[in-house]
Amino acid sequence: MLFFVLQIIALGFTIQHHSYHKSKFVNSSNAFTGGIYNRLNSISEFVNLKEENLRLIEENVFLKNSIQPNNNKITPLNDTTFSNKKYQYTFAKIINNNYTKPNNFLTINKGKNQGIQQDLGVINSKGIIGVIKNTSNKYASVLSILNRSSKINVKLKHDNHIGTITWNSKNPNIVQLSDIPRQAVLKKGDTIITGGKSAIFPEGILVGTINNFAFENNQYTEINVSLFNDMTSLGYVQIIKNLEREEQLNLEQQTENE
């Protein structure tokens, strides 16, 4: 024990009175403490990752509410057309997700108290998820795209042919595209997006890509689409409210009744 104490004292004198040894010691000490601080910082970043992701989602929703696309151009922040924006976005978290049944629903942690109502679109950064079905004060159920009752207006991105997305309840990663005219030229890998013909989703929301298809008797009999979203692993979502929905539906109803 005495030897080790004397050895430490000797090393201390050596480092203190020799600049070369002192610099080496300081550099080694900085490298050691730097490594510790780096590890502690990594742990802290991991712990705060959930909070950071939530902040980014909130910022994304804010930007979508502030900036509306106009002929593929970004509207300046001081533009008066902001008062005429068509869509409003609210973020929420999925707290229950079903995908193994023929008719699947999800539950989100926002409801009437946050302005959520029936027939609002639900998406995330990868694409479409479903449509709001029922609401309570604090929660809402979502009719999943993986539901046999789900019918969503879509189109081919490359040539604008309109169709409908449904689900045959077999594979949670694959949905079916129907009502595509025989004039359309399909290729594996073609991108499918929302068509913008309904009063729920804006045009251009991602859906998936064509996986395979069959063409018989001069018509498409089966078109399978691989979803961009992994419907078995969902977190935060965005709810889309069409601020002009009532006006559009009332006009269409009036036209049908004439």
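Modeller: Buried means under 20% relative accessible area, exposed over 50%, and partly exposed in between, with a 1.4 Å probe and protein chains only. The model is predicted: local features need pLDDT of at least 70, side-chain atom pairs count only at pLDDT 80 or more, and totals for chains, interfaces and linings use all residues. Residues are numbered from 1 along each chain as its sequence is written, and side-chain values use heavy atoms, without hydrogens and water.

Colleague: Is D119 buried, exposed or partly exposed?

Modeller: Its relative accessibility is 32%. That lies between the cut-offs of 20% and 50%. So D119 is partly exposed.

Colleague: Which residue does D119 meet in a salt bridge?

Modeller: A salt bridge is a side-chain nitrogen of Lys or Arg within 4 Å of a carboxyl oxygen of Asp or Glu. Here the N to O distance is 3.3 Å. The pair spans 126 residues, from the loop between β4 (103–108) and β5 (121–124) to helix α4 (residues 245–257). Helices (H or I, at least four residues) and strands (E, at least two) are DSSP runs, numbered from the N terminus. The partner of D119 is R245.

Colleague: Where does K155 lie, the residue paired with E203?

Modeller: The side chains of K155 and E203 meet in a salt bridge at 2.2 Å, N to O. E203 sits in the loop between β11 (191–194) and β12, 48 residues from K155. K155 is buried because its relative accessibility is 7%. K155 lies in strand β8 (residues 152–156).

Colleague: In what order do the strands of the closed barrel run?

Modeller: Two strands pair if DSSP finds at least two bridges between them. The barrel has six strands with antiparallel pairing. Strands β12 (residues 206–216) and β13 (residues 219–227) are joined by eight bridges. The order is β8-β9-β10-β13-β12-β11.

Colleague: With which side chain does the side chain of Q176 make a polar contact?

Modeller: A polar contact is a pair of N or O atoms within 3.5 Å; within protein, one must be able to donate a hydrogen and the other to accept it, and residues adjacent in sequence count only if both atoms are side-chain atoms. Q176 lies in strand β10 (residues 174–178) and is buried, at 11% relative accessible area. A polar atom of the Q176 side chain also lies 2.8 Å from the backbone nitrogen of N168. The side-chain contact, at 2.9 Å, is with N224.
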